[in-house]
Amino acid sequence: MVEDGGEEEAEGDSGEMPAATAAPPLQRCNGFLPGKEAEDGGRAGGGERAEAEAMLSAAGGRVETRLSRRRLAVLAVFSSYSLVNAFQWIQYSILSNVFAVFYGVSFTQIDWLSMVYMVAYVPLILPATWLLDTRGLRLTALLGAGLNGLGAWLKCGSLAPGRYPLTLAAQAVCAVAQVFILGLPSRIASVWFGPTEVSTACAVAVLGNQLGTAIGFLLPPVLVPNTPNDIDLMAHNISIMFYGTAIVSTLLFFLTGVVFEEKPKYPPSHSQAVLQTVPPEDYSYKQSIINLFRNVPFVLLLISYGIMTGAFYSVSTLLNQMIVTHYEGEEVNAGRIGLTLVVAGMVGSIICGLWLDYTKTYKQTTLIVYILSFIGMVVFTFTLDLGYLTVVFVTGGVLGFFMTGYLPLGFEFAVEITYPESEGTSSGLLNASAQIFGIVFTLVQGKLTTDYSPRAGNLFLCAWIFVGIILTALIKSDLRRHNVNSGIVNLDVKAVPVESPVEPENTALKIQSAL
């Protein structure tokens with residue numbers, strides 16, 4: 001490692017360079033990870049702490065970190081295959097009337113082609129985050145990219161009326177791929193990026209998924225126009241979309257294998273240096289989950305994030321039905337409105353990420369964006385049926401700017417208030433909450449839209465978003481990761497008795513954060 005301001009050492013192909021900043025010294029470094037137990041009691045715990053303190057005290061008490069040039073390639077490849085996965089999620093629902101005719105099924109069955117993403121996520125998220133924490137980032141990334149490509153090729157076999165079960169199975173494979181994708185933005189940002197760019201990196205990683213949704217709103221209506229009187233032409237148009245997606249997915253899978261590494265050679269930040277001092281065998285996934293659910297601010301964020309993101313999923317899934325209800329024959333403009341919603345949200349994501357890196361005002365920013373999302377939803381609800389598509393474009397863009405811009409805020413806020421727990425686990429639980437709320441919201445809003453009107457369904461979402469505002473206001477802002485990077489945190493080790501009828505005097509050191 002090199003001192004701050006020193007010359008960069010030759011690292012061959014790794015492309016390492018000094019980090020922009022080095023964190024000040026810690027006041028104390030007694031222990032790090034909640035849920036990690038040293039096997040040999042105080043002796044083992046003391047050895048680990050001594051080793052950690054020796055490493056962290058190198059170079060005059062300053063932690064030397066480096067940024068890898070590879071981090072940009074990792075971020076770009078991940079964002080690209082996340083984009084394709086999101087595109088596959090929305091490509092059916094934005095053409096719900098077309099696919100309903102092509103496969104000869106109901107709108108509800110077409111809605112399930114989107115909701116399968118949400119259904120698959122909930123039972124699989126815990127195994128997926130366990131795999132990420134125990135087997136690492138590279139394997140998880142390869143699984144996500146590989147399953148994404150497999151699902152895309154399976155769809156190519158469903159290009160005929162009557163093959164709805166096959167296209168549903170193919171979409172289910174893509175849904176499983178999503179489980180290995182959605183939890184990675186905050187992990188990639190933390191492992192590969194420095195403290196002054198971590199929130200922006202997370203926003204860019206989330207941006208890829210949002211861009212995929214945006215392209216999914218825009219491109220399918222152009223590639224597959226509604227031709228109910230010519231099923232052969234419809235099948236040909238769908239084949240262009242399916243085969244194109246499959247080819248791109250395959251290329252990205254091979255790129256993932258070339259670009260992705262488990263972690264950079266040197267830690268990019270002080271907080272990552274701290275985490276890397278803990279031996280992998282001391283990690284307890286079960287205890288990490290327990291710690292997260294004992295963290296009241298995180299539980300509040302878990303519910304509020306689920307409400308906001310579930311509402312976004314519901315609006316995205318049902319947008320085509322809402323638009324064509326009031327503007328018959330405007331499928332292409334429905335896609336363009338969806339594009340406007342997501343692109344505005346992409347801009348919001350980047351602005352929020354840059355703002356967080358500059359100010360570290362996580363709770364304040366999250367709460368303000370939540371309130372503005374509620375206002376945007378109310379305005380969208382009461383202007384949808386005015387008869388002016390231009391107004392819907394504007395209100396949809398405002399709604400998307402705040403609602404979609406909220407997504408990376410939730411990820412980064414969760415990492416801050418749960419550090420040093422795994423970023424993948426906290427992000428995975430947030431996404432699981434979003435999927436659960438998304439399923440419920442989509443089913444209820446879809447029923448209200450069909451039986452009554454789009455306004456009834458949107459008012460249902462408005463009520464829930466207002467509940468989310470209250471929950472967000474109750475969250476205690478405890479920026480643990482930021483405090484470690486700033487050197488103002490006091491870490492301590494507390495002894496927790498081990499229940500043993502033979503040797504009750506033995507204890508194990510349970511490493512906890514006293515922040």
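Visitor: Why is Lys447 called exposed?
Guide: Its relative accessible area is 52%, and the label applies over 50%, so Lys447 counts as exposed. Do keep in mind that this is a predicted model.

Visitor: What makes the contact of Lys447 with Asp451 a salt bridge?
Guide: The closest N and O atoms of Asp451 and Lys447 are 3.2 Å apart. The cut-off is 4 Å between a side-chain nitrogen of Lys or Arg and a carboxyl oxygen of Asp or Glu, so this pair qualifies. Both residues lie in helix 18 (residues 423-451), four residues apart, which is about one turn of the helix.

Visitor: And what label does Asp451 get for its accessibility?
Guide: Asp451 has a relative accessible area of 41%.

Visitor: Why do you say that the pair of Arg455 and Asp385 ties parts together?
Guide: Because Arg455 sits in helix 19 (residues 454-473), while Asp385 belongs to the loop between helix 15 (362-383) and helix 16 (389-403), and these parts are 70 residues apart in sequence. Arg455, at 30% relative accessibility, is partly exposed, and Asp385, at 37%, is partly exposed too.

Visitor: How do you know that Glu261 and Arg70 form a salt bridge?
Guide: Their side chains meet at 3.4 Å, N to O, and the cut-off is 4 Å, so the pair passes. Glu261 is in the loop between helix 10 (231-259) and helix 11 (270-275), and Arg70 is in helix 3 (residues 70-90), so this bridge joins parts 191 residues apart in sequence.

Visitor: What makes Arg70 partly exposed rather than buried?
Guide: Arg70 has 22% relative accessibility, and buried means under 20%, so Arg70 falls in the partly exposed class. Glu261, with 34%, is partly exposed as well.

Visitor: How many salt bridges does the structure hold?
Guide: There are four salt bridges.

Visitor: What is the mean pLDDT of the protein?
Guide: The mean is 77, and 78% of the residues reach 70 or more.

Visitor: Where does pLDDT stay under 50?
Guide: Such stretches include residues 1-14, with 26 contacts beyond four places in sequence, and residues 490-515, with 60 such contacts.

How values were computed: Residues are numbered from 1 along each chain as its sequence is written. This is a predicted model: local features need pLDDT of at least 70, side-chain atom pairs count only at pLDDT 80 or more; totals for chains, interfaces and linings use all residues. Side-chain values use heavy atoms; hydrogens and water are left out. pLDDT is the predictor's confidence in each residue, from 0 to 100. Contact means heavy atoms within 4.5 Å. Helices (H or I, at least four residues) and strands (E, at least two) are DSSP runs, numbered from the N terminus. Buried means under 20% relative accessible area, exposed over 50%, partly exposed in between (1.4 Å probe, protein chains only).
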